[in-house]
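Please read them with the structure open beside you.

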Amino acid sequence: MMDGNLKTQLVSAIHLQEVELEEQPADHQQDTTNNNNDSGQTFTVEEAVETIGFGRFHILLFFIMGSSNIVEAMEIMLLAVVSPEIRCEWRLKDWQVALVSTMVFLGFMVCGVLGGYVADKYGRWKVVFGGFVWSAYFSLLTSFAPSYGWFIFLRSMVGCGVAGVSQGFVLKTEFIPAKYRAYLLPLATIFWMIGSMLIIILGMVVVPTMGWRWMIRISVAPSIVLIFLFKFIPESARYNVSAGNLQAAVKTLQWIAKMNRASLPPGRLMEPTLNERGSWRILLSSGFRRTSLLLWYSWFVASFSYYGSVLSSSELLEKNLLCVVDAEQEHQIKHLHEDGLCYCIPFRPGDYQTLLISCLGEVALVPLNICLLNIVGRKLSLTALQLLAAVLFMMVNICTTMFGFTVLLFLLRSLVSMNFNVVYIYTAEVYPTVARSLGMGFCTSFSRIGGMIAPFIAQVLMSQSVILALTPFAVACVVCALGNFLLPIETKGRALLQNS
């Protein structure tokens, strides 16, 4: 009996040991998995963006943020269309018409740096959304301006709001994978072209029948629509990480991955909190000082040449200052007033058509722009575009047919638009997340100095001499081409930096 009990106990002990040996590998494997989750893998925002890839979210981002360019273009291009009307209504001299554009760019310049600082410190989304509301509100008020003084003040407030809207380029760039940036960002010029064409069509249809005030009121409609659509765009995950808000960053990345039907990298998001955000010292540190100084001048020239081409074409058409060999009778009258007195000369349908065709130049060479960015890179693209723009500025003074002038204007707008687009891309790529918006803010502020000077050359000096007015634009482009060649950093294919 005792032998039987001893046998039973021995068998039970052996069985128990076998069960423990079978269970141990499973338990050990579970422990190993837990240890890997706890201490093993981490990923950065850059890795998450690249892993998620391109998908439905980026299409939504492209159209909503691209539409913000429509608003920006309409507000800026409105100046070229409305100039003849306010000149006539308030009996303005040339310098007073030029001052309108200057005040808009002054508001942009002041709020550009402020908006960049706030975007790096408190978030991109808040600045862009606030810019939409601000610019729409003051643009609407502009249509009720009782005097010239009120008009230029309210337009300067619009410029301040547009400065906030321009930070949308940074917000958009921070969501796009590196290999798609050189394709998607140049294509955004399509929306700028649409905005430019919309305001010209409104001028053609509305101004002759209802007046310039109703044209401005109708032009506010896209801003109001975008205010409601903007809720579908999240805050930048890169900003949230730099601010220490990892939970919000993960939530945003998970939502994007779900929309794109992709998944995040294995592990957990891990990046350090960066306390020095929005500091101008980063822009002038040893690693970025040369880049910043050259970029500030490059942005100055980009704006100077772009708005110079826009306002010059408007002025040349309005006053019939072109050297046209087959000019119609209405284009043979040169509206030059030595005493600087005002005059009322509205745009003719043919003038609107010429402006519309020139707007198509904004996107005509986009395929070439994409090829340049992907083959030769950002630096050489900027250099080549500026040199070609300098040549075309001087060619505008050549005596040619009206068709020839339209072609020259078309090509010039293409080149200066491409240059502006490339310098936007390069700036967003070269600066780290902690100072990207501030860097963009400083650059756009310097660009508006160019925008402030351009009207006095394109609209005031042009009345005295066409060649004297075009030469400063050409010279500035040549000098800028040299500066762009000396930029120390090439950003083609490079990941966006998170810190300096």
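Notes on the model

1. In helix α2, the residues Val45, Glu46, Ala48, Val49 and Ile52 are buried. These residues cover an arc of only 165° around the axis, which puts them on the same side of α2. Please keep in mind, here and below, that this is a predicted model. Among the elements that cover the buried residues of α2 are the strands β1 (42-43) and β2 (268-269), together with α13 and α14 (246-259). After α2 comes Gly53, whose phi is positive, near 75°.

2. Glu46 forms a salt bridge with Arg238, with 2.7 Å between the closest N and O atoms. This pair links distant parts of the chain, since Glu46 belongs to helix α2 (residues 45-52) and Arg238 to helix α13 (residues 237-242), and the two are 192 residues apart. Glu46 counts as buried because its relative accessibility is 14%, a value under the 20% that sets the limit for buried residues. Arg238 is buried as well, with a relative accessible area of 1%.

3. The count of salt bridges comes to 8, and another of them joins Glu75 to Arg155, whose closest N and O atoms are 3.1 Å apart. Here too distant parts of the chain are linked, with Glu75 in helix α3 (residues 56-89) and Arg155 in helix α6 (residues 148-165), 80 residues apart. Both Glu75 and Arg155 are buried.

4. A further salt bridge is formed by the side chains of Glu174 and Arg124, at 2.7 Å from N to O. Glu174 sits in the loop between α7 (168-173) and α8 (178-187), whereas Arg124 is in helix α5 (residues 124-142), so that the pair links distant parts of the chain, 50 residues apart. Glu174 and Arg124 are both buried.

5. Which cysteines are joined by a disulfide? The count comes to 1 disulfide, and the residues that it joins are Cys111 and Cys160, with an S to S distance of 1.7 Å. The link of Cys111 and Cys160 is left-handed, with -80° about the S-S bond. Cys111 lies in helix α4 (residues 94-122) and Cys160 in helix α6, so the pair ties together parts that are 49 residues apart in sequence. Cys111 and Cys160 are both buried. As for two other cysteines, Cys371 is partly exposed, with a relative accessible area of 41%, while Cys443 is buried, with a relative accessible area of 0%.

6. Helix α18 has its own buried residues, namely Val366, Asn369, Ile370, Leu372 and Leu373. Seen down the axis of α18, these buried residues fall within an arc of 165°, so they line one face of the helix. They pack against α8, α9 (189-205), α17 (349-364), α19 (377-395) and α20 (402-430). On the other side of α18, Pro367 and Ile375 are exposed. The helix is followed by Gly377, whose phi is positive, near 95°.

7. Where does Ile375 lie, and is this residue buried or exposed? Ile375 is in helix α18 (residues 366-375), and with a relative accessible area of 62% it is exposed. Ile375 also contributes to a nonpolar surface patch of about 570 Å², which is made by Ile375, Val376, Leu380, Leu482, Phe485 and Leu486.

8. My last point concerns Val207, which is in helix α10 (residues 207-210). At 10% relative accessibility, Val207 counts as buried. Leaving aside its neighbours within four places in sequence, Val207 is in contact with Glu85, Leu202, Trp212, Met215 and Tyr352. The C-alpha atoms of Val207 and Pro346 are separated by 9.6 Å, although these two residues are 139 residues apart along the chain.

Technical notes
Residues numbered from 1 in each chain as written. Predicted model: local features only at pLDDT ≥ 70, side-chain atom pairs only at ≥ 80, totals over all residues. Heavy atoms only, no water. Patch = residues over 30% accessible without salt bridge, like charges linked within 9 Å, V, L, I, M, F, W, Y side chains within 5 Å. Areas by Shrake-Rupley, 256 points an atom, 1.4 Å probe, with all protein chains shown as cover. Salt bridge = Lys/Arg side-chain N within 4 Å of Asp/Glu carboxyl O. Helix = DSSP H or I, 4+ residues; strand = E, 2+ residues; numbered from the N terminus. Buried < 20%, exposed > 50% of the residue type's maximum accessible area, 1.4 Å probe, protein only. Disulfide = S-S within 2.5 Å. Arc of directions from axis to C-beta. Contact = heavy atoms within 4.5 Å.
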